Amino acid sequence: MGVPLTAAQGRAPLRLGKRTAPLRGIVWRMEVASAQVKSAILLAGLVASGPVVVSEPYPSRDHSERLLAGLGVSVTSTAGPQGWQVRLQPPEQIAWPPLRLRVPGDFSSAAFLLAAAALVPGSEITLTEVGLNPGRTGLLDVMRRMGADIRITNRRLVYGEPVGDLRLCYAPLRGVRVHGETVVRMIDEFPALAVLAAFAEGETVVTEAAELRHKESDRIAAIVALLRALGGEAEERPDGFVVRGGGLRGGDVRVPADHRLAMSAMLAGLAARQPVRVQGAEIYRQSFPSFLEVLSSLGASIVSD
């Protein structure tokens, strides 16, 4: 796109030089669907000299497209023979009025509370004003296939984003297979799914999820190591993992510097046969600072060292 950019040894820190001409429009095809990469290109395209087109094998979350369209930018999304394509036409000028946006509750955080209730017999939980963007809610579909009793009420749109209230009542779970476009729609929730799978009946198989190896940690390896450390049956695959239900024993576990792994380990402690002690758990504050307080308010017994 014309940005002078260098990276020492191929990684951060990045150095961006001053551009002397407008950014160029670009047609960019991504081998792996990524909302973050797509959004970066679209936002850069706002000041490009021509259209920006991003294609991906499956449609990733579309928060940026919805917001930009709401601000009057021409953004269109279409399905084609090579996957999902988003096209942005740069505006002639950017003169947006002041905004008052109400941001809905983050589904990735809500997922851990839904999983908590799904693990403990007799539980019931209602979460209000949760963002239900279709690109984010793959876990809801998977949990329903597993047998979870989840109901959505009070559906509405908030600045183009679907929002609703989620109610989950405990029900026994069964193993499922997860692959394809569902993987993109729940890419951040696989650690929580893995813990649910450990307590489900039967086998849960995840494939086509190689992107998990490039998150805050190698989440495929870390998920399998976590479950095994707690007495579960799990194995790695190049692009996913397999979990065999039957419950977890509990015990001590050290998690990598990955907030979602830390919260998942704590979820395991809600249903394991023995207590779970999580070393390195403080990383959870990165995305859900009040996680422990919320779990405690719901009845969890938590002791912090």
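Select Phe 190 to begin: at 0% relative accessibility, Phe 190 counts as buried, where buried means under 20% relative accessible area, exposed over 50% and partly exposed in between (1.4 Å probe, protein chains only). The model is predicted, so that local features need pLDDT of at least 70 and side-chain atom pairs count only at pLDDT 80 or more, whereas totals for chains, interfaces and linings use all residues. Residues are numbered from 1 along each chain as its sequence is written, and side-chain values use heavy atoms, with hydrogens and water left out.

The ring centres of Phe 190 and Phe 241 lie 6.4 Å apart with the planes at 90 degrees, so the pair is edge-to-face. Rings of Phe, Tyr and Trp (its six-membered ring) pair if their centres lie within 6.5 Å; planes under 30 degrees apart count as stacked, over 60 as edge-to-face and the rest as tilted. This pair links distant parts of the chain, with Phe 190 in helix H6 (residues 190-198) and Phe 241 in strand E13 (residues 240-244), 51 residues apart. Helices (H or I, at least four residues) and strands (E, at least two) are DSSP runs, numbered from the N terminus.

Next, display the sheet that contains E13. Its four strands form an open sheet in the order E10-E11-E13-E12, with mixed pairing. Strand E10 (177-178) and strand E12 (233-237) are the edge strands, each pairing on one side only. Two strands pair if DSSP finds at least two bridges between them. Strand E11 (residues 203-206) runs antiparallel to E13 over four bridges, and Val 205 stands opposite Val 242 in E13.

Now select helix H7 (residues 219-229). Its buried residues are Arg 219, Ile 220, Ala 222, Ile 223, Val 224, Leu 226 and Leu 227. They pack against H6, E12, E13, strand E14 (251-254) and helix H8 (259-271); contact means heavy atoms within 4.5 Å. Just after H7, Gly 231 adopts a positive phi of about 90 degrees.

Move to helix H4 (138-145), where Gly 138, Leu 139, Leu 140, Val 142 and Met 143 are buried. Among the elements against which the buried residues of H4 pack are H3, strand E8 (149-158), strand E9 (161-169) and H6. Gly 147 follows H4 and has a positive phi, near 110 degrees.

Asn 133 is the next selection, in the loop between strand E7 (124-131) and H4. Is Asn 133 buried or exposed? Asn 133 is buried, with a relative accessible area of 2%. Not counting residues up to four places away in sequence, Asn 133 touches Arg 61, Asp 62, His 63, Arg 66, Glu 161 and Pro 162.

How many aromatic pairs does the structure hold? There are four. One of them joins Phe 112 and Phe 291 edge-to-face, 6.3 Å centre to centre and 75 degrees between the planes. Phe 112 lies in helix H3 and Phe 291 in helix H9 (residues 291-297), 179 residues apart. Select Tyr 284 and Phe 288 as well: with Phe 112 and Phe 291, they form one aromatic cluster.

Finish at Leu 99, in the loop between strand E6 (83-89) and helix H3 (107-119). Leu 99 is partly exposed, with a relative accessible area of 46%.
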